[in-house]
Amino acid sequence: MHDVILLMVYCAILGSVVGFLAGLLGIGGGLIIVPVLSASLVSFNVADPSHVLVIAIATSLASIIFTSTSSALAHHRNANVPWEIAPWVMTGVGLGALISGFAASFIPEQLLRFVFAGSVVFIALRMVLSTRKKAASEKPLPSGPILGFLCAIMGALSGLIGIGGGALIVPLLHYFSVDIKKAIGCAAACGIVIALFGSVGYVSAGWQLTSFSDGFAGFVYLPALVGIVVTSSLIAPIGAKATHYLPVATIKKVFALLLVIIALKMVFS
């Protein structure tokens with residue numbers, strides 16, 4: 001019991017860091033939660049090494065259900081969610097995330113590490129290279145089914161690495177002439193869908209492999225989830241206010257470098 005409480009304290013600290021960075025840089029917490037929680041679960045002998053990464057990803061996704069809701073509501077109040085295309089986008093990402101949640105437990109641990117690391121490096125490079133705002137392209141949106149299919153791929157990848165999908169969905173929509181604010185608003189709403197459907201997949205896939213009495217709901221580790229959600233929700237607004245006082249562009253580059261280091265460590269550790 002003592003170890004569980006100590007792990008929850010660690011996760012509360014992790015949630016504070018994640019919440020602050022999310023508010024400051026607008027990044028998803030999964031990029032930090034997954035590698036740090038993986039190491040913590042192994043250190044506390046909570047999970048078998050063969051399943052630890054899947055558990056960390058599942059727990060990260062579950063936390064996004066809570067942390068993305070306030071962001072999505074805020075974008076909706078500001079009329080930044082393009083509801084004329086959102087149903088296609090949300091349906092696509094939801095189906096993709098659900099499939100990846102079921103499939104992740106069948107993917108070899110090392111391959112999952114490479115997928116996560118490669119995605120993190122891509123997102124980090126995009127953070128560095130996208131410091132200047134670009135106008136939306138003039139490429140028209142594809143038909144609803146095609147847009148849904150493209151978003152399903154983004155949702156599957158997001159669910160597979162435990163992120164809300166904004167880093168993938170925003171550039172996709174912006175490429176198809178969607179205003180950047182609308183793209184961000186749509187991605188915020190999709191974050192809830194990805195997290196919810198992905199979590200359902202991970203819970204279902206892990207139900208026979210874990211025990212609720214040990215703190216698991218499928219592959220989601222509940223004590224870690226509670227610790228992360230409580231503090232990240234409280235600290236995120238502080239990070240948002242700090243954007244007015246801190247050099248965000250410089251911090252974003254440093255953070256991107258940190259992500260690359262974490263990704264390489266996950267591959268070679």
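Predicted model: local features only at pLDDT ≥ 70, side-chain atom pairs only at ≥ 80, totals over all residues.
Local features need pLDDT of at least 70, side-chain atom pairs count only at pLDDT 80 or more, and totals for chains, interfaces and linings use all residues. Numbering starts from 1 along each chain as its sequence is written, and side-chain values use heavy atoms, without hydrogens and water.

**Stop 1: the patch.** Select Ile5, Leu6, Val9, Tyr10, Ile13 and Val17. Together they make a nonpolar surface patch of about 500 Å². Patch members have over 30% relative accessible area and no salt bridge, with nonpolar side chains joined within 5 Å. Areas follow the Shrake-Rupley method with a 1.4 Å probe. Now pick Tyr10, in helix H1 (residues 2–25). Tyr10 is partly exposed at 41% relative accessible area (buried is under 20%, exposed over 50%, partly exposed in between).

**Stop 2: the salt bridge.** Select Glu109 and Arg113. Their side chains meet in a salt bridge, 3.8 Å from N to O (the cut-off is a Lys or Arg side-chain nitrogen within 4 Å of an Asp or Glu carboxyl oxygen). The whole structure holds one salt bridge. The two residues sit four apart in helix H5, about one helical turn. Glu109 is buried, at 17% relative accessibility. Arg113 is buried too, at 17%.

**Stop 3: H5 and H6.** Show residues 109–129 and 144–161. The axes of H5 and H6 come within 9 Å and cross at roughly 110 degrees. The pair is therefore roughly perpendicular (65 to 115 degrees).

**Stop 4: H7 and H8.** Show residues 166–175 and 180–206. The H7 and H8 axes come within 9 Å, crossing at roughly 140 degrees.

Technical notes. Patch = residues over 30% accessible without salt bridge, like charges linked within 9 Å, V, L, I, M, F, W, Y side chains within 5 Å. Buried < 20%, exposed > 50% of the residue type's maximum accessible area, 1.4 Å probe, protein only. Axes fitted to C-alpha atoms, helices over the stretch in contact; angles between N-to-C directions. Parallel < 35°, antiparallel > 145°, perpendicular 65-115°, else oblique.
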